[in-house]
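Look at the model first, then read on.

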Number of protein chains: 2
Amino acid sequence: MPKTTFKASAHLQEGVQVIARSRNFEFIIDEPQSLGGTDTGMNPVEAVLAALGACQAIVARVYAKKFDIQFDDLWVEVEGDLDTDGFMNISDVRRGYSEIRYNIHIATDASREQVSKFIEFIENTCPVGDTIANPVSLKLNEIVIERLNLKA
Amino acid sequence: MPKTTFKASAHLQEGVQVIARSRNFEFIIDEPQSLGGTDTGMNPVEAVLAALGACQAIVARVYAKKFDIQFDDLWVEVEGDLDTDGFMNISDVRRGYSEIRYNIHIATDASREQVSKFIEFIENTCPVGDTIANPVSLKLNEIVIERLNLKA
């Protein structure tokens, strides 16, 4: 399946709680109380970091054999700097992340040099990493105004 | 909390299944069988689309009053084009999304003109949208090699 169109949806609930869906899967997105939410799930910018780490972990699994690396455990810690004054519309700073950093933990007997080459490949091959690091064309396709059914 | 550092982690499980966590929240990320997974959750690139839609929905909720817009329902459909030959490392195409499109559904009695201005603001204010549309500095902070505790 080379050229693929992936899909997801987000349905606003009470307050800023959202049900995020893709295919038959869903998870709750919300904001902490400090950002006006009810704290029932991670928020959208945290979900982006989680997706980045997951993407790197999956690339690691898929390409470990090619790099002749065996590992017993692997996890990624991701953090990103974001100035919430942008979202609050009280400053001209960029709205999104300015920088995202990650630590990759791997339980292996492989040499550091071998692991470094492997990780470099992972960084270059991860689709979420490329999506975040480089510009992507975002387009509003359609605004659908659902007229309310007024009761008679 | 203007300058904030958000955090998340991703822990690889069996195969390409990952537990994605942020604060005390988690969700499962996996791949469909067609991409080598066991299909127990959305995949990382779907999670990114979900986070984008959720972010737009949250911005809508937060700024509706400022734009004097009342709505009874709002949801976002997001889709993105990605050539999986990049991830499979069999082509030089970019690894991530080339284009992402969305439809915004809103149940409101407001005029189309008023809604259009509101949506334009949402697009410009959404932190995940900015993170995807514009370059972000991604940095490998540290590779931590967890040496295995060999049994005696």
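How many residues of chain A are in contact with residues of chain B? The count is 103 residues of chain A against 103 residues of chain B. Contact here means that C-beta atoms, placed from the backbone, lie within 7 Å.

## About the model

This is a predicted model: local features need pLDDT of at least 70, side-chain atom pairs count only at pLDDT 80 or more, and totals for chains, interfaces and linings use all residues. Residues are numbered from 1 along each chain as its sequence is written, while chains are lettered from A and ligands numbered from 1 in the order in which they are written.

## The shared surface

Helix H1 (residues 44-63) of chain A gives the largest share of the side that touches chain B, 16 residues. Helices (H or I, at least four residues) and strands (E, at least two) are DSSP runs, numbered from the N terminus.

The copies meet through the same surface, because 100% of the interface residues of chain A are also interface residues in chain B.

## A sheet from two chains

Six strands form an open sheet with mixed pairing, in the order S3(B)-S2(B)-S1(B)-S4(A)-S5(A)-S6(B). Strands pair if DSSP finds at least two bridges between them. The edge strands are S3 (25-29) and S6 of chain B.

Strand S5 (residues 97-107) of chain A runs parallel to strand S6 (residues 137-145) of chain B, joined by eight bridges. Ile106(A) stands opposite Ile145(B).

Technical notes
Contact = placed C-beta atoms within 7 Å.
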